[in-house]
Amino acid sequence: MADVNTFNGLTKGKPIRCKAAIAREAGQPLLIEEVIVAPPKAHEVRIKILCTSLCYSDITFWKLKDPPGCFPRILGHEAVGIVESVGEEVNEVEAGDFVIPVFIADCGECKDCKSSESNLCSKFPFTVSPWMPREESSRFTDLKGETLFHFLFVSSFSQYTVVDIAHLTKLDHSIPPNRACLLSCGVSTGIGAAWRAANVQPGSSVAIFGLGAIGLAVAEGARLCGATKIIGVDVNPEKIVIGKKFGVTDFINPNSCEDKSVSQVINEMTNGGADYCFECVGMASLVQEAYASCRKGWGKTIMLGVDRPDSQLSLNSVDVLCSGKTLVGSLFGGLKAKSDIPILAKRYMDKEVRLDDFVTHEMKFDEINKAFKLLLDGNCLRCVMWMD
């Protein structure tokens with residue numbers, strides 16, 4: 001791993017030429033090209049990416065032909081790296097620090113960031129912008145001088161990237177980079193959803209719709225919180241085995257429910273509905289089914305999956321009024337990146353959080369299109385790519 005002595009200041013304030021994987025057309029293979037990464041401006045940090053992992057959100061926006069899809073773009077938002085240089089007014093980190101970039105801001109100054117009730121920064125609201133958060137400009141160009149767009153304020157499919165300090169969390173060097181990168185998005189989102197967004201209580205029941213990486217991370221979080229009944233819902237019967245690793249106690253395949261709905265099965269299994277339900281796929285119909293699976297009075301449904309921008313939910317107003325249930329959306333699992341990610345990293349180092357089982361593949365960065373295919377085919381949870 002690089003350390004504080006790796007960067008001797010020779011590149012500070014100067015453009016860096018490096019390799020990046022560029023998405024030039026929707027749904028087409030990424031192209032490994034040389035790019036120019038500008039030095040950081042005020043409140044910005046340029047980092048050398050050590051490892052990046054592939055999240056399905058990368059694939060979702062890689063497929064989009066229309067806004068918020070845009071090209072050419074450097075995707076990637078799950079990563080870990082080393083600070084190469086910092087811009088003016090950056091005091092939190094310095095060259096050589098081990099850092100995780102995160103798509104959701106934590107400015108530490110606004111009302112929301114200072115409150116324990118929210119992780120939704122009001123100074124830098126979440127958007128799927130192609131630019132840096134403080135100004136509509138890019139830090140990437142190709143060798144012809146063409147602008148390359150950013151992705152989720154991270155763009156980790158590049159050997160070097162520039163990230164605003166509000167989107168950066170410092171970590172202890174002790175956690176391996178090929179595990180630390182998982183805390184940048186999906187795994188943190190799932191664990192955080194159980195821990196922070198839902199506040200799952202010991203002895204409670206949980207139902208998880210979709211056992212991909214985020215759903216399994218919800219199971220991990222529910223296990224850590226002490227839930228005793230964790231129901232996994234997935235159409236893939238192979239998820240039974242992997243689900244058990246993360247604490248899933250019961251499994252429902254919607255294709256095997258005969259004449260009953262999933263919500264009917266869950267209500268019967270839990271004598272009235274699960275205490276907490278999590279939608280981790282990104283389908284409006286599943287959000288409705290999760291809500292129907294929740295216990296009246298105190299049941300909570302947490303929406304984590306990303307559906308189409310124009311997708312609509314349909315709930316019966318009388319049912320909402322009379323059931324007393326809660327339905328909430330949750331970005332990044334309700335976690336505050338700068339304070340909560342270090343806690344998860346320590347819990348991994350203390351052998352409490354199971355990050356290792358999420359990594360099903362590791363490969364070199366230039367094999368990134370192979371990683372895309374593995375995830376598209378449903379053959380991996382997380383593929384970690386080493387940049388060097």
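Helices here are DSSP runs of H or I with at least four residues, strands are DSSP runs of E with at least two, and both are numbered from the N terminus. With that in hand, let's walk through the structure. What you're looking at is a predicted model, where local features need pLDDT of at least 70 and side-chain atom pairs count only at pLDDT 80 or more, while totals for chains, interfaces and linings use all residues. Residues are numbered from 1 along each chain as its sequence is written, and side-chain values use heavy atoms, with hydrogens and water left out.

The protein splits into domain 1 (16–184 + 354–386) and domain 2 (187–333), with bounds that come from an automatic or database domain assignment. Their C-alpha centres lie 28 Å apart.

So how do the two domains meet? Counting contact as heavy atoms within 4.5 Å, 15 residues of domain 1 touch 14 residues of domain 2. About 1,500 Å² is buried between them, and carbon and sulfur atoms give 69% of that; buried area is the accessible area (1.4 Å probe) that two parts lose on being put together, summed over both. In domain 1, Arg354, Phe358 and Leu381 lose the most area to domain 2, together making up 40% of what that side buries.

What about salt bridges across this interface? The rule, a side-chain nitrogen of Lys or Arg within 4 Å of a carboxyl oxygen of Asp or Glu, finds zero there. Search the whole structure, though, and 24 salt bridges turn up. Take Arg17 and Glu34, whose closest N and O atoms are 2.6 Å apart. Arg17 sits in strand β1 (residues 16–22) and Glu34 in strand β2 (residues 31–37), so this pair, 17 residues apart, links distant parts of the chain.

Most residues other than glycine have a negative phi, and most peptide bonds are trans. Which bonds here are cis? The one from Pro67 to Pro68 is, with omega near 10°, and the one from Phe71 to Pro72 is as well, with omega near -5°. Pro68 lies in the loop between α1 (56–63) and β4 (78–86), and Pro72 is in the loop between α1 and β4 too. Further along, Asn199 has a positive phi, near 55°. You'll find Asn199 in the loop between α4 (186–197) and β10 (205–209).
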